[in-house]
Amino acid sequence: MAHFDENAKPFSAKWLDERLALTTVSKVLAFEYWIPKNINFLWAMGMVLAVTFGVLLVSGIFLLMYYQPSVDTAFDSVNYTIMTEVGYGWLWRHIHGVGASLVFLIIYIHMFTGIYYGSYKRGREMIWLSGMLLFVLFSAEAFSGYMLPWGQMSYWAGMVITNLFSGGSLEAYGLVEWIRGDYVPGQAFLTRFFMLHVFLLPLVIIGGIVFHFATLRLPHVNNQDGENFDFEEAAELYKAGKVKESKVIPFQPVFLSKDVFVMGVYFILFFYLVFYNFDFAMDPVNFDPADGLSTPAHIYPEWYFLWSYEILRPFSKDFGLIAFGIAQVIFLALPFLDRSPNVAPASKRGLFNIWFWLMLLDVLVLTFMGKLPPTDATFAFIGLVAAILFFVLWIALPFITKIEKKL
Ligand code: HEM
């Protein structure tokens, strides 16, 4: 039985510490959570993501107080009640909309930082896999949220994406009707996407973030030189004050102060968009109520799904579905397709450097092409080439990284 100080005052710091192990917990999570010293502002993106998720949760809870998940009233509850009747309702809606868009921008920066520095190798495979799980969950969360205002784009994007599940032999199983709960998107569809968006998916995402953090604890974060050193040894030297130039710093207060600075800059941009440019996160077509009898001239998803949508578009329905499915999950396989043990920035990895920049450029081209109507033959051709290049790059990856191993 542990020793307790009988004289400690109830709820004093000592009394709480003896019962909740506060000192140990704060050491493990903050004061003795060691971070390499040679990392730049890109390593703050993880915390920016965690805080943006918090902002989405809080703003979502405020919106939930007035939102009505009924096909007859959902559109008005958002566009009339929340936007014009409820005090500051517009502010919470703008915060939620801008947050949903920016979270993807930061996720992509965070992912490509990981790829550039090879942060998915040498013991960090589970960090990558749990991160990709979060990406898939955030995609499902964004898609389900997009259905809720029940505007024209909600309805028709819901129709197009669920239609994918009628490809090939899936048609026979009635999978689309099963997902929709009806022949076309209707009340059952809205109710289930509402439940997913406000309850089930946020719950799983919270679990996913805790898991992602747990996967970081033992391998520690990577650094911008790919340097491999013994963290515990470096930490002992830091604590003993024996080295002038320590290789590690504690998360609290040293790295956290950098995180907070980056977050300050980020929130200036965030609130600039909320107050002056919120329409970048809202599609004008979605300000018309859902109408199953009038198809919009051009149906496209939000900007963060455009690259994978463009991979789907040039192909026939069945093949497009397979290509789209692979594109969604192929990044999961990265730690296993990159066969070089070399953890270093891409700039020092020969062919991989070219691979990295081509992949980034390709995803950007796919994103731009995805927004354009499919009628222009030149753009459709560029989209097709970019979609093929995406797969060629993934097929080439194991080969070019195997050559790198030999060099
Ligand atoms: C969306 C919610 C996410 C949150 C809240 C989150 C949070 C974090 C945090 C706090 C870190 C440590 C600091 C840093 O390196 O930024 C981190 C590291 C990492 N995350 Fe995420 N992350 C998320 C999504 C993702 C995604 C989508 C991926 C990509 C698959 C990913 C892959 C990684 C990797 C590889 C590291 C290690 C970086 C290194 O060792 O240098 N994360 N994440």
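The entries start with conventions and then go through the model topic by topic.

**Conventions.** I worked on a predicted model, where local features need pLDDT of at least 70, side-chain atom pairs count only at pLDDT 80 or more, and totals for chains, interfaces and linings use all residues. Residues are numbered from 1 along each chain as its sequence is written.

**Domains.** I looked up how the protein chain is divided; the bounds come from an automatic or database domain assignment. Domain 1 covers 1-31, domain 2 covers 46-216 + 262-299, and domain 3 covers 310-407. I noted 41 Å between the C-alpha centres of domain 1 and domain 2.

**Ligand shell.** Which residues come nearest to the ligand? I found Gly46, Gly114, Ser119, Gly131 and Asn222, out of 27 residues around the ligand. A residue counts as near if its C-beta atom, placed from the backbone, lies within 6 Å. Two or more shell residues come from each of α3 (45-64), α5 (89-117), α6 (125-147) and α10 (187-217). Elements are DSSP runs numbered from the N terminus: helices are H or I with at least four residues, strands are E with at least two. The largest share, 7 residues, belongs to α6. By class I read 19 nonpolar, 7 polar and 1 charged. Here Ala, Val, Leu, Ile, Met, Phe, Trp, Tyr, Cys and Pro are nonpolar, Asp, Glu, Lys and Arg are charged, and the others, Gly among them, are polar.

**α5 against α6.** I read an angle of about 160° and axes 11 Å apart. Axes are lines fitted to C-alpha atoms, for helices over the stretch in contact, and angles run from 0 to 180 degrees between N-to-C directions. The two helices are therefore roughly antiparallel. The terms are: under 35 degrees roughly parallel, over 145 roughly antiparallel, 65 to 115 roughly perpendicular, the rest oblique. The crossing of α5 and α6 is left-handed; that means the near helix is turned anticlockwise from the far one by less than a right angle, whereas clockwise is right-handed. On the α5 side I listed Ala100, Val103, Ile107 and Gly114; on the α6 side, Trp128, Phe135, Phe138, Ala142 and Gly145. Contact means C-beta atoms, placed from the backbone, within 7 Å. This contact has 7 nonpolar, 2 polar and no charged residues.

**α5 against α12.** Helix α12 (residues 251-276) packs on α5 at about 130°, with axes 9 Å apart. The pair is therefore oblique. I logged the crossing of α5 and α12 as right-handed. His94, Ile95, Val98 and Leu102 of α5 make the contact with Phe270, Leu273 and Val274 of α12. The classes are 6 nonpolar, 1 polar and no charged.

**α6 against α7.** Helix α7 (residues 152-163) and α6 pack at about 130°, with axes 8 Å apart. That makes this pair oblique too. Phe143, Tyr146 and Met147 in α6 meet Ser154, Ala157, Gly158 and Ile161 in α7.

**Backbone.** Most residues other than glycine have a negative phi, and most peptide bonds are trans. Which residues does a cis peptide bond join? I found Gln252 and Pro253, with omega about 5°. Pro253 sits in helix α12. Ala21 is not a glycine, yet its phi is positive, about 50°. I placed Ala21 in the loop between α1 (13-20) and α2 (22-31).

Definitions and conventions. Contact = placed C-beta atoms within 7 Å.
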